[in-house]
Amino acid sequence: MFRNLVILVALSTQGAMAQTALSGSEFDAYTRGKTLFYGFGGTVYGVERYLPNRRVIWSFLDGDCQNGVWYERDGQICFVYEDRLDPQCWVFTQTEKGLVAQFEGDPSSTELYEADDLGEEMICYGPDVGV
């Protein structure tokens, strides 16, 4: 419940603020060393840890984590993950409440918002081990 409230507050304060897209170096400076939770549609959507050398770890909050890398292309920040090799590109802007990420810079596409500090850790369970 607290998660939903945090994200709804972020949505209401960020929506109308037009900002300039972050460059790769600005995005790196903001994210490096952080773990950020993202919201979509009033709920927590996922979490990403930003590591040195533009490496990342993403999870949909299910304990299944994917390693990846990011790079800048045509004003967008693109991510490639170990389970999905087609790039997922986003336009990131920074507001006073945190990052806003718009898929492929298209206003009609998915838009994620950085959630306030939830006081939670990113959990990765590791690979499934078969018999």
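This is a predicted model: local features need pLDDT of at least 70, side-chain atom pairs count only at pLDDT 80 or more; totals for chains, interfaces and linings use all residues.
Biologist: Let's start with one side chain: how does arginine 84 count by relative accessibility?

Modeller: Arginine 84 counts as partly exposed, at 42%. Residues are numbered from 1 along each chain as its sequence is written, and side-chain values use heavy atoms, leaving out hydrogens and water.

Biologist: Which residue forms a salt bridge with arginine 84?

Modeller: In general, side chains of opposite charge can pair when their charged atoms come close. The rule here asks for a side-chain nitrogen of Lys or Arg within 4 Å of a carboxyl oxygen of Asp or Glu. For arginine 84 the partner is aspartate 86, with the closest N and O atoms 2.9 Å apart. Aspartate 86 is partly exposed too, at 38% relative accessibility.

Biologist: How many salt bridges does the rule give in total?

Modeller: Two. Aspartate 28 and arginine 32 also meet through their side chains, at 2.9 Å from N to O. Here aspartate 28 counts as buried at 15%, whereas arginine 32 is partly exposed at 47%.

Biologist: Zooming out, what pattern does the chain follow along the sequence?

Modeller: Helices (H or I, at least four residues) and strands (E, at least two) are DSSP runs, numbered from the N terminus. This chain has two helices and eight strands, in the order α-α-β-β-β-β-β-β-β-β. Of its 131 residues, 41% count as buried.

Biologist: How do I read strand pairing, and which strands join strand 8?

Modeller: Two strands pair if DSSP finds at least two bridges between them. Strand 8 (residues 111-114) runs antiparallel to strand 1, with two bridges, and antiparallel to strand 7, with three. Tyrosine 113 is a handy place to look: glycine 39 stands opposite this residue, and valine 100 has tyrosine 113 as its bridge partner.

Biologist: Which residues touch the most other members in the largest nonpolar core?

Modeller: Nonpolar side chains tend to be buried together in soluble globular proteins. A nonpolar core is a set of buried Ala, Val, Leu, Ile, Met, Phe, Trp, Tyr and Cys residues joined through side-chain atoms within 4.5 Å. The largest one has 18 residues, and Phe27, Tyr38, Tyr50, Phe79, Trp90, Phe92 and Leu99 touch the most other members. Elements giving two or more residues to this core include helix 2, strand 5 and strand 6 (84-95). Another core lies apart from it, with eight residues, among them Val44, Val47, Ala115 and Leu118.

Biologist: What does glutamine 76 touch?

Modeller: Contact means heavy atoms within 4.5 Å. Not counting residues up to four places away in sequence, glutamine 76 touches Tyr71, Cys89, Trp90, Val91 and Glu104. Glutamine 76 lies in strand 5 (residues 76-81) and is buried at 17%.

Biologist: And where is alanine 21 found?

Modeller: In the loop between helix 1 (2-14) and helix 2 (24-31). Alanine 21 is partly exposed, with a relative accessible area of 32%. Though 81 residues separate alanine 21 from glutamine 102 in sequence, their C-alpha atoms are 10.0 Å apart.

Methods
Buried means under 20% relative accessible area, exposed over 50%, partly exposed in between (1.4 Å probe, protein chains only).
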